[in-house]
Each structure stands twice: as C-alpha cells, then as structure tokens.
Amino acid sequence: MHVAVLGAGTMGHGIAQVAAMAGHEVVIRDVKPEFVQDGIDSIEENLEGGVEREELSREAADATLSRIDGTTHLAEAVETADLVIEAVPEDLELKRDTLEDVEELVDEDAIIATNTSSLSVTEIASSADHAGRVIGLHFFNPVHIMELVEIVVAEQTDEVTVARAHEFVEEIDKTAIEVTDTPGFASSRLGVALGVEAMRMVEEGVAAPRDIDTAMELGYNHPMGPIELGDVVGLDVRLDILEYLREELGERFRPPQVLKRKVRAGKLGRKTGEGFYVWEDGEIVGVSGDGNGGVGDER
C-alpha cells in the first residue's frame, strides 16, 4: 500500500514511521523542506533508539527508512496514494481546505483520513465531493509506542472505508476502537475531562502538580499523570480542545484560569521549556515557579 502523510511534525512523522515499519511505501509532505527533513531525522532517531535497545534489528531499521520519502509537493505525495492521512495543525478550516486539495489529486478509490484529536470529522468531510471515503484515524503520541488508534466514523463514512481503516490499523500492529463522530470522540473527551479537573485542583491549592500526577500514576496505574500529559501534549492544544468542547458540550469543559494564564505567558509545556513543570532536553527538572504551577519537589 502507498501511504501519504501530510505534516511531518510529532504526529505526522510518527504515523509515517509505523506505516513504513509495517511494510508500506510512505511519503511525508510538509510545506518547507526543513520541516520534512526534521520529520525524517526524528524517525531515524527513533529507529536508532530501537536498535540500541535491541528492540529492532539493524536490517529492519534500514528497511523502514528505505520505504520513506519526503516532499513539499502535495501532488507528488498523494497522486499514487491508497491512503492519505492528514496530520496538519488542529484548525478546522485548514483541515477542510487540505481535504479539498487532496481530493482533486487522488485516485477515486483512495481513502482520506484525518488525525484530528477532537474536531468534527463529519464537518471536515462535508467539504469533500465523495465524503464516504473520509474517516478519522486518531493516533496517540508517541505514535511508535502507543498501541491505540481511534477510528472515528463520520456521518458520511461508508462501510467499505470503515473496513479498510480497520485493516490498516491491524496491519500496523495497533489496536483499534471504533467510535461515532461526536465532540472529543471517546479518548479526548475523557482525557481532557481528567486533565482539566487536575488543573483546577492545582488552581485551588488541593495538591501540587507532582502529587496529583503521582496519585494517578501509582493509584490508578496511569503511565503519565494528567498534569504532565498536558505539558507533553501542549497547553495551547489543551486550551483549544477545551474551548471547542465547552462550545459543543457545555460549561463542564470550561478552561481554568491557570491554563489561560500559562498560554498567554507562552508557557506551553515541554515544547517551550516550561508549563506546569520546567523541562530540559525533554525531561522534567522542576516545577514552574510562577505561582501557577503549585509547589512540588523536583525529579
């Protein structure tokens, strides 16, 4: 199968990697050559890590890289694709415009998938002339490690597309859950609800971020606590999702002021070096000292 991934960022290059590891020919497309190269470099780094940990053979890593090409040209990326997965930023109009552009270039049998984590797939698909082939494939970060893919079925999605989506997820050795297109789907809605309540607890002085995270990690066996996860995902992304869910589902998803203050200050989490925690080289080195991160120990 030929797979085109639109967007070479965190999610895009991760999706490209797992597709190539499963034996598919993959093209990554982004708007600038340096973005494309950064994505391919990240894939190579992930594969090298797997080789060093003896989780992956050198031959398998080299074969994976040989199946990945990069381009800035949309037509070059999608014209022979059997499956196109867009992983562009979480902006409804951008995703709709991307889908329209793709549909003019792909074969009539190609599936077009969106990796949106919360936007309406039905609304994204409404810009397509043949919306039955549009579906949501919501991957989780980091894609090469996380086992789940959420298959989101839009109002327009036909049964053949749903079946082919399940086949693809099985081929890349992931586990699929199928959900009807509703705001936040299943995973984002539940995950954001937990995250926003954890932020309110910090805001109210119930406990420090590290203690809240430890409670969920040790008490509920979560691999990562909700405050840390917000920093990893990006506090600006969390805020955008909450504002969308508030509009669609009501006040229980109202963003807390502590989150708004951090986003206004540019403290977006791991990617900016500070959110609720302080980060260096992708690792937590302390808790934010701006008065909005609570008081906690370093680790």
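Aspartate 30 is found in the loop that lies between strand E2 (25-29) and helix H2 (33-52). In this predicted model, aspartate 30 has a relative accessible area of 14% and is therefore buried, the cut-off being under 20%. Apart from its neighbours within four places in sequence, aspartate 30 is in contact with Gly7, Ala8 and Gly9, with Phe35 and Val36, and with Thr71 and Thr72. In an unreviewed entry, UniProt places the feature "binding site" at Asp30, and also at Gly7, Ala8, Gly9, Thr10, Met11, Gly12, Glu90, Lys95, Ser117, Asn141 and Lys271. These positions are spread over 265 residues of sequence, and they are spread in space as well, with up to 22.9 Å between C-alpha atoms.

Helix H2 packs with helix H3 (residues 58-66) at an angle of about 170 degrees, the two axes being 9 Å apart. Since an angle over 145 degrees counts as roughly antiparallel, H2 and H3 are therefore roughly antiparallel to each other. On the side of H2 the contact is made by Ile43, Glu44, Leu47, Glu48 and Val51, and on the side of H3 by Arg58, Ala61, Thr64 and Leu65. Sorted by class, the contact of H2 with H3 comprises five nonpolar residues, one polar residue and three charged residues.

Isoleucine 111 is found in strand E5, which is formed by residues 111-114. With a relative accessibility of 5%, isoleucine 111 counts as buried. Leaving out residues up to four places away in sequence, isoleucine 111 touches Asp82, Leu83 and Val84, together with Arg133, Ile135, Thr161 and Arg164. Isoleucine 111 and valine 134, although separated by 23 residues in sequence, are 6.3 Å apart in space when taken from C-alpha to C-alpha.

A further pair of helices is formed by H8 (residues 187-203) and H9 (residues 209-219), whose axes come within 9 Å and cross at roughly 140 degrees. That angle makes H8 oblique to H9, and the crossing of the two helices is right-handed. In this contact, Leu194, Ala198, Met201 and Val202 of H8 meet Pro209, Ile212 and Met216 of H9. By class, the contact of H8 with H9 has seven nonpolar residues, with no polar and no charged residues.

Helix H8 is also packed against by residues of helix H12 (residues 257-264), in which Val258, Leu259, Lys260 and Lys262 are buried. The buried residues of H12 pack against helix H11 (235-249) as well as against H8. H12 is followed by glycine 266, whose phi is positive, near 80 degrees.

Technical notes. Residues numbered from 1 in each chain as written. Predicted model: local features only at pLDDT ≥ 70, side-chain atom pairs only at ≥ 80, totals over all residues. Heavy atoms only, no water. Axes fitted to C-alpha atoms, helices over the stretch in contact; angles between N-to-C directions. Helix = DSSP H or I, 4+ residues; strand = E, 2+ residues; numbered from the N terminus. Parallel < 35°, antiparallel > 145°, perpendicular 65-115°, else oblique. Left-handed = near helix turned anticlockwise from the far one by under 90°. Contact = heavy atoms within 4.5 Å. Nonpolar A, V, L, I, M, F, W, Y, C, P; charged D, E, K, R; others polar. UniProt positions renumbered as here; feature names shortened; annotations may be inferred. Buried < 20%, exposed > 50% of the residue type's maximum accessible area, 1.4 Å probe, protein only.
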